[in-house]
Amino acid sequence: MTDSSYTCPRQKFMEDPSIQWREGKPDYTNANQAYLQGRTRNHKEGSLEKIVEDLVKLWEMEASHKTNTEDWQSVDVEVFTIRANNQRSFSVKEGIEEGNYNVLMQNQPLYDSNVHSFKSSHDMFRSAFDQGFPWELIEVFSGPPRVAFSWRHWAHWTGPYKGRTPTGELLEMYGMAVAEVDENLKIKSIDVHYDPNQLLMKLEGK
């Protein structure tokens, strides 16, 4: 049941008609519904947790759908970098080219980022998680300028993955991140730590 006191996730900075979208303006109706149905936290409006969660959701939307760095509002595009599990760092422009899956799963035994493009990686996971792949912030451990927090990503495996038949089961993964922000709460860097294999092993049938 949806808590009426909780507001639906807001993907801001989407209304400017000049925005250059990768595949047209995205529709988050299904993703937001999956989030509201599957979340385990209910962060209050105005809380640091809600502010950080909304900021990360904004970054994810822009990283997935905006192809012109001038349209980005979540990060300081001049200095921003992101890396996962102490692998290589990516700038905004590199992330737009590579895609979030390639950026966040470097040198993984069950995912080869060298053979995937932005499109092939996103198509593969969108196929498997065709009902949405929600993300939530669990807890914030330190405030700005270096914001440390834990998070959860989850989805029901409802579509084919590499030709494998979906089981419909709930797949989850957990992680930590540290985001450095400026005085305007624009992200300067994100350092992510997590194990994607807890989810990939299920998809691979291992």
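The largest cavity has a volume of about 70 Å³. A cavity here is a set of points on a 1 Å grid over the protein atoms alone where a 1.4 Å probe fits but cannot get out. Grid points are joined across faces, edges and corners, and the volume is the space filled by probe spheres set on the points. The structure holds one cavity of 30 Å³ or more. This is a predicted model, in which local features need pLDDT of at least 70 and side-chain atom pairs count only at pLDDT 80 or more, while totals for chains, interfaces and linings use all residues. Residues are numbered from 1 along each chain as its sequence is written, and side-chain values use heavy atoms, with hydrogens and water left out.

Lining residues have an atom within 4 Å of a point. For the largest cavity they are W59, A63, W72, F80, I82, S91, V92, G95, I96, N100 and V103. Helix 2 (48-65), helix 3 (92-98) and helix 4 (100-104) are the elements that give two or more residues to this lining. Helices (H or I, at least four residues) and strands (E, at least two) are DSSP runs, numbered from the N terminus. Helix 3 gives the largest share, three residues. By class, the lining has eight nonpolar, three polar and no charged residues. Ala, Val, Leu, Ile, Met, Phe, Trp, Tyr, Cys and Pro count as nonpolar, Asp, Glu, Lys and Arg as charged, and the others, Gly among them, as polar.

Now the open spaces. A pocket is an open set with protein on both sides within 12 Å along at least five of seven lines. The largest pocket holds about 1200 Å³ of space. Of the 46 residues that line it, E60, S64, Y101, F133 and H153 are the closest to its centre. Elements that each supply at least two lining residues include helix 1 (29-38), helix 5, strand 3 (146-156) and strand 4 (170-181). The largest share, six residues, comes from helix 2. This lining has 27 nonpolar, 12 polar and seven charged residues.

About 220 Å³ of space lies in the second largest pocket. Its lining includes K12, F13, D54, Q73 and K186. By class, that lining has five nonpolar, three polar and three charged residues.

Next, the aromatic residues. Rings of Phe, Tyr and Trp (its six-membered ring) pair if their centres lie within 6.5 Å; planes under 30 degrees apart count as stacked, over 60 as edge-to-face and the rest as tilted. The whole structure has eight aromatic pairs. One of them, Y111 with F125, is tilted, at 6.1 Å centre to centre and 40 degrees between the planes. Y111 sits in the loop between helix 4 and helix 5, F125 in helix 5, 14 residues apart. Y111 is buried (under 20% relative accessible area; exposed is over 50%, partly exposed in between; 1.4 Å probe, protein chains only), at 3% relative accessibility. F125 is buried at 3%. Y101, Y111, F125, F129, F133 and Y161 form one aromatic cluster.

Q106 lies in the loop between helix 4 and helix 5 (118-128). Q106 is buried, with a relative accessible area of 14%. Its side chain reaches the backbone oxygen of N102 at 2.7 Å. A polar contact of 3.3 Å joins the side chains of Q106 and S113. Such a contact is a pair of N or O atoms within 3.5 Å; within protein, one must be able to donate a hydrogen and the other to accept it, and residues adjacent in sequence count only if both atoms are side-chain atoms.
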